[in-house]
Amino acid sequence: MMKRNWISKTDAKATIKQFIRIPIRRTPVRLTQAIDLADKFGIYAYDGYVLDCAKQYRTPLLSLDTKMVDIARLLQIHILEIEK
């Protein structure tokens with residue numbers, strides 16, 4: 001975002017401070033579901049895995065990838081919006 005001049009260095013550092021507060025849970029990879037999503041939507045299996053985790057655990061998706069956000073909406077996954 002700094003490269004595109006969307007945020008300043010100060011804002012980037014403030015964002016990192018907030019980011020480290022996000023709870024991270026390790027979870028087994030459900031490869032079959034990830035690959036199914038990747039095939040259905042023409043995305044990387046890794047992105048399919050992230051979407052599958054959000055759906056499986058009923059957690060919101062935080063992403064700057066507009067295609068992933070669009071797919072998440074189709075899958076009825078709640079989106080955490082980021083203001084630019």
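## Overall fold

The protein chain has four helices and two strands. Helices (H or I, at least four residues) and strands (E, at least two) are DSSP runs, numbered from the N terminus. From the N terminus on, the order is α-α-α-β-α-β. The C-alpha trace spans about 40 × 25 × 20 Å along its principal axes.

This is a predicted model, where local features need pLDDT of at least 70 and side-chain atom pairs count only at pLDDT 80 or more, while totals for chains, interfaces and linings use all residues. Residues are numbered from 1 along each chain as its sequence is written, and side-chain values use heavy atoms, with hydrogens and water left out.

## Burial and contacts

Of the 84 residues in the protein chain, 27% are buried. Buried means under 20% relative accessible area, exposed over 50%, partly exposed in between (1.4 Å probe, protein chains only).

Now take contacts (heavy atoms within 4.5 Å). Among those with a separation of 6 or more, 27% join residues 24 or more positions apart.

## A look at Asp-52

Asp-52 sits in helix H3, residues 45-57. Is Asp-52 buried or exposed? Asp-52 counts as buried because its relative accessibility is 6%. Leaving out residues up to four places away in sequence, Asp-52 touches Arg-30, Gln-33 and Leu-37.

## A charge over a ring

Arg-25 lies over the face of Tyr-57, 4.6 Å from the ring centre. The rule asks for NZ of Lys or CZ of Arg within 6 Å of the ring centre and within 35 degrees of the ring normal.
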